[in-house]
Amino acid sequence: MPSCPDPALRKEHIAQRLLQYLHLAPLSVEHRLELALDIVREMPENATADDAMARLQALLKGRDASDATPFPPQAPPLRRRHMTAQNLRRPQTASQAKARKASRFSQFLFLLFLAALVGLTLLFTLAVHWGAAYVA
């Protein structure tokens, strides 16, 4: 039983359903629209959306593989203008190696400084608690 008594409105609903389904298929826009239009034109007056979907499935299975557009679609290559590309395995010059050593040494000194601060904070906290215990 058709869901809509008006044949023109029914065909419009079927065409919308076909286009929603075909939107997910990796087809060009022109081919997608032509395929939906051919199916809607070939349908009898009392056809349902399920009949149209079955016809679409049959056409898609019989379609030649050479008509398919590549998926994902071809796009221009990405260009990074805000970052320079870095080759991580390139040989280093002497100045780069020296700068890397200095950077590692400064990181080590910073961590040593943080460890000393934490140690002194712990020492002073314990001294305050122990001193309060001796005074009382």
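Glutamate 42 and arginine 55 are joined through their side chains by a salt bridge, with an N to O distance of 3.0 Å. The two residues sit 13 positions apart, glutamate 42 in helix H2 (residues 29-42) and arginine 55 in helix H3, and the pair links distant parts of the chain. The model is predicted. Its protein chain contains 4 helices and 0 strands.

**Salt bridges**

- The whole structure holds 2 salt bridges.
- In the pair formed by glutamate 42 and arginine 55, arginine 55 is partly exposed, at 36% relative accessibility.
- Arginine 17 and aspartate 50 also meet in a salt bridge through their side chains, at 3.5 Å from N to O.
- Arginine 17 belongs to helix H1 (residues 7-22) and aspartate 50 to helix H3 (residues 49-62), so this pair ties together parts that lie 33 residues apart in sequence.

**Overall fold and surface totals**

- Along the sequence, the chain reads α-α-α-α.
- The chain has 136 residues, of which 12% count as buried.
- Among contacts with a sequence separation of 6 or more, 61% are between residues 24 or more positions apart.
- The chain exposes about 11800 Å², and carbon and sulfur atoms supply 63% of that area.

**Packing of H1 against H2**

- Two packed helices are described by the angle between their axes and the distance between the axes.
- For H1 and H2, the axes come within 10 Å and cross at roughly 145°.
- This crossing of H1 and H2 is right-handed.
- On the H1 side, the contacting residues are Lys11, Ala15, Leu18, Leu19 and Leu22; they meet Arg32, Leu33, Leu35, Ala36, Ile39 and Val40 of H2.

**Packing of H1 against H3**

- The axes of H1 and H3 are 10 Å apart, and the two helices pack at an angle of about 40°.
- H1 passes H3 in a crossing that is right-handed.
- From H1, the residues Ile14, Arg17, Leu18, Tyr21 and Leu22 take part in the contact; from H3, the residues are Ala49, Asp50, Ala52, Met53, Leu56, Gln57 and Leu60.

**The loop between H2 and H3**

- Glutamate 45 is located in the loop between H2 and H3.
- Leaving aside residues up to four places away in sequence, glutamate 45 touches Pro7, Arg10 and Lys11.
- Glutamate 45 and arginine 10 are 35 residues apart along the chain, and their C-alpha atoms are separated by 8.9 Å.

**Nonpolar surface patch**

- Phe110, Leu111, Phe113, Leu114 and Leu117 make up a nonpolar patch on the surface.
- Together, the five residues of this patch have about 500 Å² of accessible area.
- Phenylalanine 113, one of the patch residues, lies in helix H4 (residues 94-135).

Terms used. Residues numbered from 1 in each chain as written. Predicted model: local features only at pLDDT ≥ 70, side-chain atom pairs only at ≥ 80, totals over all residues. Heavy atoms only, no water. Patch = residues over 30% accessible without salt bridge, like charges linked within 9 Å, V, L, I, M, F, W, Y side chains within 5 Å. Areas by Shrake-Rupley, 256 points an atom, 1.4 Å probe, with all protein chains shown as cover. Salt bridge = Lys/Arg side-chain N within 4 Å of Asp/Glu carboxyl O. Buried < 20%, exposed > 50% of the residue type's maximum accessible area, 1.4 Å probe, protein only. Axes fitted to C-alpha atoms, helices over the stretch in contact; angles between N-to-C directions. Left-handed = near helix turned anticlockwise from the far one by under 90°. Contact = heavy atoms within 4.5 Å.
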